[in-house]
Amino acid sequence: MGGARLAAEGLERVARSEDLSVMGFSEVFAKLPVILRALSALRRESKRRRPDAAVLIDFPDFHAALSRSLHKQGIPLIYYVSPQVWAWRPGRARVIASRARSILTLFPFETEIYRRLGADAIWTGHPIVDDVREGLEAASPVPPKVRTRLALLPGSRRAEVRRLWPPMRDATTLIASRHGLEAFAIRAPGLSDHAYPGASEAGIELVSSGAHALLASSDLALVASGTATLETALCGTPMIVVYRASRTSFAIGRRLVRVPWISLVNIVAREPVVPELLQERVTPERLSREAEALLDSPERRDRMKRALGRVARELGPPGASDRAAEALLVAVEGGVPTPVRTATR
């Protein structure tokens with residue numbers, strides 16, 4: 001199972017990961033038939049092909065069901081991108097530790113969780129470090145900044161953009177009425193301009209490339225909660241994190257999640273480095289107030305940048321994907337992987 005980029009590298013796809021992408025609890029039900037078909041196909045093919053190993057990348061609930069079948073077949077399991085057991089449903093860590101031959105983690109604190117359970121866990125670092133480095137080295141399609149620059153990242157999924165784009169757009173209009181402002185929105189792959197209604201009327205330019213250079217040149221970013229917050233941190237850009245899900249999904253999540261923050265930046269930092277606006281607080285008025293408070297305070301933005309630098313160091317040095325590939329081969333063939341240097345705070 002994989003996406004178009006894996007297919008381009010030669011993956012023979014039994015299931016397409018883009019067909020299964022979903023966010024939230026209630027939203028899963030609409031995709032359930034497709035998810036069950038993919039699960040059945042992968043189980044069937046694993047019995048037919050008898051692979052040397054299975055690499056389970058992210059997608060925790062799907063892989064929890066798949067790993068049960070693979071484990072019974074005696075297929076070695078390598079987990080890459082651990083489920084967020086430190087945030088919710090910690091009992092999953094014990095199950096994963098009992099099934100996996102090796103667990104490759106993105107964050108150092110995840111490694112300690114699994115090692116305490118007796119698992120072979122290796123911190124390989126976060127591959128996004130290399131993505132951002134390459135992005136910053138590429139030529140930027142965005143012209144040099146001439147005014148205060150605001151970047152909008154309303155998410156990568158259609159449903160996410162549908163919920164977050166209108167308040168981001170309208171907040172930009174409010175901010176622009178009081179500040180000389182240039183605003184850019186980063187368009188998610190696979191989404192057309194129609195997913196961002198009213199952009200040109202609000203003076204927002206849509207861009208589909210050069211995201212990291214744009215972020216690095218921005219004074220502030222409004223960012224949907226997710227991996228994009230780590231990309232923004234690596235670019236050193238002050239941000240406000242926003243999140244809005246269906247009422248059902250959010251209600252369930254509040255009961256299950258054990259960490260006090262929703263953004264990865266604050267979770268990695270273990271402190272509230274960036275403001276978070278959730279659910280009904282994601283309004284144009286509240287967003288514009290929070291944004292203007294930051295834009296009007298260079299000292300506050302500087303403090304945030306220093307804290308984001310500490311977060312960036314927690315993501316590890318470049319080369320995470322190479323280390324993960326090496327650790328994967330070691331897990332299957334035997335040997336000792338190259339350790340990652342310890343992160344410094």
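Author: Start with Gln73. Leaving out residues up to four places away in sequence, Gln73 touches Arg43, Ser46, Lys47 and Arg50. Keep in mind that this is a predicted model. Where does Gln73 lie? The residue is in the loop between α3 (60-72) and β2 (77-80). Is Gln73 buried or exposed? Its relative accessibility is 14%, and the cut-off for buried is under 20%, so Gln73 counts as buried.

Now look at what flanks that loop. Together, β1, α3 and β2 make a β-α-β unit, and the unit is right-handed. The strands β1 and β2 run parallel, joined by four bridges. Across this pairing, Leu56 stands opposite Tyr79 in β2.

Strand β1 covers residues 54-57 and has two faces. Ala54 and Leu56 make up the covered face. Val55 and Ile57 make up the uncovered one. Why this pattern? In a regular strand, side chains alternate between the two faces of the sheet.

A core of 24 residues includes Leu56, along with Leu70, Ile75 and Ala100. That core lies apart from the largest nonpolar core, which has 71 residues. In the largest core, the residues with the most contacts inside it are Met239, Val265 and Leu287. Which helix gives the largest share of this core? Helix α7 (residues 158-176) does, with six residues.

Take Met239 next. Leave aside its neighbours within four places in sequence, and the contacts of Met239 include Leu220, Ala221 and Val223. Thr229, Thr232 and Ala233 are also among them.

In α9 (residues 227-234), the buried residues are Ala228, Thr229, Leu230, Thr232 and Ala233. Just after α9 comes Gly236, with a positive phi of about 75°.

Glycine is one case. Arg270 is another: phi there is near 65°, positive in a residue other than glycine. Arg270 lies in the loop between α11 (264-269) and β10 (276-278). With a relative accessibility of 44%, Arg270 counts as partly exposed. Gln279 also has a positive phi, near 55°, and is not a glycine either. Gln279 is found in the loop between β10 and α12 (284-295). At 9% relative accessibility, Gln279 counts as buried.

Back to α7, by way of the rings. Trp165 and Tyr196 form an edge-to-face aromatic pair: 5.3 Å centre to centre, with 85° between the planes. Why does this pair tie together parts that are 31 residues apart in sequence? Trp165 lies in helix α7, whereas Tyr196 is in the loop between β6 and β7, so the pair links those two parts. Trp165 is buried at a relative accessible area of 1%. Tyr196 counts as buried at 2% relative accessibility.

Phe107 and Phe109 form a stacked aromatic pair, 5.5 Å centre to centre and 5° between the planes. Phe107 and Phe109 are both buried. In total there are three aromatic pairs.

Ala188 lies in the loop between β6 (181-186) and β7 (204-207). Residues up to four places away aside, Ala188 touches Gly155, Ser156 and Tyr196. Ala188 and Pro154 are 34 residues apart in sequence, yet 8.5 Å apart in space, C-alpha to C-alpha. At 6% relative accessibility, Ala188 counts as buried.

Finally, the whole chain. There are 14 helices and ten strands. Of the 345 residues, 50% count as buried. Among contacts with a separation of 6 or more, 62% come from residues 24 or more positions apart.

Conventions
Residues numbered from 1 in each chain as written. Predicted model: local features only at pLDDT ≥ 70, side-chain atom pairs only at ≥ 80, totals over all residues. Heavy atoms only, no water. Core = buried A, V, L, I, M, F, W, Y, C linked by side-chain atoms within 4.5 Å. Buried < 20%, exposed > 50% of the residue type's maximum accessible area, 1.4 Å probe, protein only. Contact = heavy atoms within 4.5 Å. Pairing = 2+ DSSP bridges. Right-handed = clockwise from strand over helix to strand, strands pointing away. Phe/Tyr/Trp six-rings, centres within 6.5 Å; stacked < 30°, edge-to-face > 60°.
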